[in-house]
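Biologist: I am new to reading protein structures. Could you walk me through a few features, step by step?

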Amino acid sequence: MSTTNQPRQITIFDTTLRDGEQSPGCSMNLSEKLEVAQSLADLGVNVIEAGFPITSVGDFQAVQEIAKSVSGATICGLARCRDQDIDRAWEALQHGTNVRIHVFLATSAIHREFKLKMDKQEIIRRAVEGVKRAKSYCDDIEFSPEDAARTEADFLCEVVEAAIQAGATTVNIPDTVGYATPAHFAGVIDNLMNRVPNIDQAVISVHCHNDLGLAVANSLAAVEHGAGQIECTVNGLGERAGNCSLEEVVMAIRTRNDYYQVETSINTPRLVPTSRLVSNITGMLVQRNKAIVGRNAFAHEAGIHQDGMLKEPTTYEIMRPADVGFTQTDLVLGKHSGRAALTDRARALGYHLTDEQLEAVFEDFKDLADKKKEVYDGDIAALIEQRNTRFVDQWQIVSYEVQSTSGQAPSATLTLARGDQQHTTSIDCGDGPLDALFRAIEEITGTTVVVRDFRVQSASRGKDAQGESTIEVEHHGQVYRGRGVSTDTVEAGTRAFLNAINRIEVGTNKNTT
Ligand code: KIV
Ligand code: ZN
């Protein structure tokens, strides 16, 4: 009888909503987080780290709501090895079906000496206590020795052994500062695999940051040496240079299955829609030449390449665009398209709309289809996001009038509404019509910011395409992003600026409890 070797399954642990959200300006509101979590479950992610409940009311609510409503993946909440953190994480997770508490404590000499002021024995004691407390609430426990990649090899073995003995079912090895290189990191994993006596009682996970651009390479090296879980984020979002990019690591495993001989459960045609959703929600644009999900990832420009592609695509393509979710046809809707067609496209783009949301987006869609003959996927995504950015009880544009003549200062009159109150102001200074409108918004809302980046690009194609504006502003040392969409680029920019101001107001609920 012949036996077939089943490929090893690698668990994909997504931390877009926790580590990804820690990117400056990437904070999301509750409904945005729920949308991303649902999309991650549709993508086939195994574990979703939904937040760090002790850090803010927003994080707590997100973990709680996601645990209650998102099925198909294990929902995880982060906690330091402190009683209040662990209790709060459990409070948020307790109503979920499959849940995990992830506890962490730094172990490297530099963190022990300067950050924690604890000796090795104290670290082990606290790690064990943290794991045991988490274990008293649920079975699925992950422990991370923060800055593991810079921790002494012997001490790392001791901590990992103790954490597994205390009940950790997954031990995650973070390269917190993105310091590792592939051969070095493979050695860290080998050391644990060979020297920790109870290592077979837990899954070894890796969590690589991308400071040297090596997060994906380091994660793959770890998989080759026995790691069974990869922690990653959509579009590689995350602290500083970000985390291991989910789409890149998953497609490397799939495309080089001949070499790695492992599998993931990711439904790869959902990669592009999920990437777009996260980019639209966070306002973090995906660079055009980004591997897998960038707009140019499958574009062939050189004549020789185009010739080869026409003869046989595999001459220059190692993956098919459809495998990652690039559809060849950008389905066009028009003013005669109905709700069913809109729902269908919204779903294909990764959105789950309630009836109420669908009705609102349908209204906007009809308005747009009156202005613009053909409505593309990019336009639909932009309309949905535009609706998502309208938080209750915030500033909305009622009307504006702006005048700009070459050689003269612009003037703008703007009316904003908040609830049922309307406020109007007129400005006749600034560097241009948008600057005048931004100043008017600052005057009415009383919130002033420094603009760090401002862009307008087309949401789809054609001269009548909607302008999609993104803005990055700084307020009291914090970065906020805003988005705005309109067929009129001045309106798109104004909406983006106002969206950033609205996010500043919402962001004030991010206080540590
Ligand atoms: O980078 C890191 O060390 C982390 C841990 C909390 C896992 O994000
Ligand atoms: Zn991290």
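This is a predicted model: local features need pLDDT of at least 70, side-chain atom pairs count only at pLDDT 80 or more; totals for chains, interfaces and linings use all residues.

Biologist: Let's start with the metal. Which residues coordinate the zinc ion (ligand 2)?

Modeller: Begin with the donor atoms. The zinc ion (ligand 2) is held by OD of Asp-19 and by NE2 of both His-207 and His-209, at 2.0 to 2.2 Å. Written along the sequence, the donor spacing reads D-x187-H-x1-H.

Biologist: Where do Asp-19 and His-207 lie?

Modeller: Asp-19 is in the loop between β2 (11-14) and α1 (30-43), while His-207 belongs to strand β8 (residues 203-208), so this pair ties together parts 188 residues apart in sequence.

Biologist: Are Asp-19 and His-207 buried or exposed?

Modeller: Both Asp-19 and His-207 are buried.

Biologist: Now the strands. Which strands pair with β2?

Modeller: For strands, look at the sense and the bridges. β2 pairs in the parallel sense with strand β9 (residues 229-232) over four bridges, and Thr-11 has Gln-229 in β9 as its bridge partner. β2 also runs parallel to strand β3 (residues 47-51), with two bridges; here Asp-14 stands opposite Ile-48.

Biologist: And the helices: at what angle do the axes of α14 and α15 cross?

Modeller: Helix α14 (residues 339-348) and helix α15 (residues 355-371) cross at roughly 105 degrees, their axes coming within 11 Å. That angle makes α14 roughly perpendicular to α15.

Biologist: What kinds of residues make up their contact?

Modeller: Five are nonpolar, one is polar and two are charged. Among them, α14 brings Leu-342 and Thr-343, and α15 brings Phe-362 and Phe-365.

Methods:
Residues are numbered from 1 along each chain as its sequence is written. Chains are lettered from A and ligands numbered from 1 in the order in which they are written. Side-chain values use heavy atoms; hydrogens and water are left out. Axes are lines fitted to C-alpha atoms, for helices over the stretch in contact, and angles run from 0 to 180 degrees between N-to-C directions. Angles under 35 degrees count as roughly parallel, over 145 as roughly antiparallel, 65 to 115 as roughly perpendicular and the rest as oblique. Contact means heavy atoms within 4.5 Å. Ala, Val, Leu, Ile, Met, Phe, Trp, Tyr, Cys and Pro count as nonpolar, Asp, Glu, Lys and Arg as charged, and the others, Gly among them, as polar. Donors are N, O and S atoms within 2.8 Å of the metal (3.2 Å for Na, K and Ca); water is not among the atoms, so sites may look incomplete. Buried means under 20% relative accessible area, exposed over 50%, partly exposed in between (1.4 Å probe, protein chains only). Two strands pair if DSSP finds at least two bridges between them.
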